[in-house]
Amino acid sequence: METVHVSLGDRSYDISVAKGLFASGKAVELLAPFVRGVKVLIVSDSNVFPLCGGTLRRALLDAGAADVAVSVFPAGETSKHLGVIGDVCRDAARAGLDRGSLIAGLGGGVTGDMAAFAASIYMRGIRCVQVPTSLLAMIDSGVGGKTGVDLPEGKNLVGTFYQPKAVLMDAAFLATLPVREMSNGFAELIKHAVLFDRGLFDELESAGDALFRDLDRLAALVARSCALKAAVVSRDEREQGERMLLNLGHTFGHAIEKVQDYRGLEHGEAVAVGTAAAAQLSVRLGLLDADSAQKIAALLRMFRLPVTVSGCAPDDLLAAMASDKKAVSGVPRIVLPLAIGRAEVRTDVPRSELRAVWETVCE
Ligand SMILES: NC(=O)c1ccc[n+]([C@@H]2O[C@H](COP(=O)([O-])OP(=O)(O)OC[C@H]3O[C@@H](n4cnc5c(N)ncnc54)[C@H](O)[C@@H]3O)[C@@H](O)[C@H]2O)c1
Ligand SMILES: [Zn+2]
């Protein structure tokens, strides 16, 4: 088992990563300090609970939880809204959770964001632990304490920063994750490698396709990726500076998702196209060599991710980019790789260059 410590003063916590964390009984040990003698509400979705719910419930009871109740919502991003948060809080109240109780989020990023958001507001905040079951949740949403839900007006517009007490990542859960969802997670893993860690990039390159099945090997890379994100979050929890780097590929990716009205590429796929686009832009601006950009695109493709998009007009994508949540007065912030393993945030990229890159990305 590998442990990644997220260092945030009195809100610090550990992320434990292994394949077989639950089967080995290790999870019981990790959960006990937080759940012994308290009521726990498992928050999960309708796909994940039937697959993994029994395992978590047993571990919680073995760890000494006084009672384990369950709140399950229909799987998918469309459930990520305030109405379902209300339902979760009502389930908590009905199960008799009090200020000493705990919420356990079991699922992908949607579940994690909602379970932690509910925990952050129920009775003005009760403790939570996270058990991510999608690769994306292990690589990205399970680290960093951003919680929230969508509004009809936009994604993730309501939320809090709220750190869990512990995060348990068992790669064994990934055995049932659909391949397309695995790829979504790999997009964010590749993003971390491009941003911070050339060695991780090389390992992904040499392992390739095998990582879809070799969950022991994947667990080690998940831990490595968590450590990278945790270090950034420890230094810049509220995204005032360095944490913005984690948006590599996202300014482009969000524009694609928006122009496709969230019915086209999945998030990780859009981020993959965006990461390849950012690398190309870097090459155009003389910040990155063409060979590195090619290696980045090739790695994305190796993990069954797209690097181009069809059916979108460059001008629409450009307009969507200017209205990005993180744009400042219509000028998008773009994260640009300077090398594999190093990047910076720029706000001075000429519109003409952005347009030229969209031209090459659109099929
Ligand atoms: N808080 C953050 O910092 C942060 C970061 C990135 C993404 N997010 C959020 O995360 C969400 C996306 O996460 P996601 O891709 O995990 O979505 P998700 O939670 O919808 O999971 C994707 C699909 O996989 C299924 N699934 C999950 N684990 C499974 C398993 N082990 N076996 C079989 N099926 C399984 C889910 O039921 C769902 O159908 C978005 O809402 C995004 O905004 C948050
Ligand atoms: Zn993302």
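Trainee: How many nonpolar, polar and charged residues does the shell around ligand 1 have?
Mentor: Sort the residues by class first: Ala, Val, Leu, Ile, Met, Phe, Trp, Tyr, Cys and Pro count as nonpolar, Asp, Glu, Lys and Arg as charged, and the others, Gly among them, as polar. Sorted that way, the shell around ligand 1 has nonpolar, polar and charged residues numbering eight, eight and eight.

Trainee: What kind of model are we looking at?
Mentor: Residues are numbered from 1 along each chain as its sequence is written, while chains are lettered from A and ligands numbered from 1 in the order in which they are written. Side-chain values use heavy atoms, leaving out hydrogens and water, and local features need pLDDT of at least 70, side-chain atom pairs pLDDT 80 or more, while totals for chains, interfaces and linings use all residues, since this is a predicted model.

Trainee: Which residues come nearest to ligand 1?
Mentor: A residue is near a molecule if one of its heavy atoms lies within 4 Å of it. There are 24 residues around ligand 1, and the nearest are Asp-45, Glu-77, Gly-109, Ser-134 and Thr-176.

Trainee: How far is a nitrogen atom of ligand 1 from a polar backbone atom of Lys-146?
Mentor: Think of polar contacts, which are pairs of N or O atoms within 3.5 Å (within protein, one must be able to donate a hydrogen and the other to accept it, and residues adjacent in sequence count only if both atoms are side-chain atoms). An oxygen atom of ligand 1 is 3.0 Å from an N or O atom in the side chain of Asn-47. For Lys-146, a nitrogen atom of ligand 1 lies from a polar backbone atom at 2.8 Å.

Trainee: Which exposed residues sit on the face of H3 turned away from its buried side?
Mentor: Buried means under 20% relative accessible area, exposed over 50%, and partly exposed in between (1.4 Å probe, protein chains only). Val-84, Ile-85, Val-88, Cys-89 and Ala-92 are the buried residues of H3. The face turned away from the buried side carries the exposed Arg-90 and Arg-94.

Trainee: Which side chain does the side chain of Glu-188 make a polar contact with?
Mentor: Glu-188 belongs to helix H6 (residues 179-196) and is buried, at a relative accessible area of 0%. At 3.1 Å, its side chain makes a polar contact with the side chain of His-267.

Definitions and conventions:
Helices (H or I, at least four residues) and strands (E, at least two) are DSSP runs, numbered from the N terminus.
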